[in-house]
Amino acid sequence: MTTKIKATAYRLAGGSKTVYSADYEEKISTFNSFKKQIEKLIGLVVTLVTDNLATELKQKVSRDTVDSGMNKFEKVGQALYKYSSQIEDDSAVAVLKAAKEVFDDAGQKHRSFRTNMLEKVQKPMKEWIETNAKHVSKELKSVDSKRDELDCAINKLRKKPDDLEVQAVKERAEGTFKDELEKTDKLLDDEIMESVSRAPKYEFDKE
């Protein structure tokens, strides 16, 4: 039986359950909420810069064709260009070429926007999820594990209060848990402060 299962069984039977402070619980809640919002934003960024799924797949698979890398605005411009080359009315051709320039410009702005969103917004958010958030989550699990070990040791000591070896195990578990908790509490403080300070500092290329 694992320590976690033992600790759960002890608690269900009315045994020891070490309780985290309200301040620590609030920090965990803040971190988890922030992490979920970042994950949602990553998905939102993809939605904002993606023309549609078919276009994305085409761009990945068919880069040898002329229009495979074009976005939706550039494709309209390309269509206008092709149409203008097929008619003989000079005034109509001039109108179509002018319209093409408008769509080409919009296409370039869309491309720049896409690059900015992916490189300067989505990329750092994904890096945070894959590094900082992953590390914090690992440490939170470690604290929970040390708490389980402490509660198991406390419950064993209740059954054998005069056993010196059991007392020593409990004291070691208590010290280890305290150290892990203090370390993770500080980690949460640092991560929350850093995340808040970095959040509004995205910079975009100006054209």
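What volume does the second largest pocket have? In this predicted model, where local features need pLDDT of at least 70, side-chain atom pairs count only at pLDDT 80 or more, and totals for chains, interfaces and linings use all residues, the second largest pocket has a volume of about 160 Å³. Residues are numbered from 1 along each chain as its sequence is written, and side-chain values use heavy atoms, with hydrogens and water left out.

**The pocket**
- A pocket here is an open set of points on a 1 Å grid over the protein atoms alone, where a 1.4 Å probe fits and protein lies on both sides within 12 Å along at least five of seven lines, and its lining residues have an atom within 4 Å of a point.
- The lining of the second largest pocket includes Thr-3, Glu-149, Cys-152 and Arg-172, and α5 gives the most to this lining, with 4 residues.

**Salt bridges**
- The structure holds 12 salt bridges, each being a side-chain nitrogen of Lys or Arg within 4 Å of a carboxyl oxygen of Asp or Glu.
- One of them joins Lys-27 to Asp-189, with the closest N and O atoms 2.9 Å apart; because Lys-27 lies in helix α2 and Asp-189 in helix α6, the pair ties together parts that are 162 residues apart in sequence.
- Lys-27 counts as buried at 11% relative accessibility, whereas Asp-189 is partly exposed at 29%, where buried means under 20% relative accessible area, exposed over 50%, and partly exposed in between (1.4 Å probe, protein chains only).
- Glu-180 and Lys-183 also meet in a salt bridge, at 3.6 Å from N to O.

How values were computed
Grid points are joined across faces, edges and corners, and a volume is the space filled by probe spheres set on the points. Helices (H or I, at least four residues) and strands (E, at least two) are DSSP runs, numbered from the N terminus.
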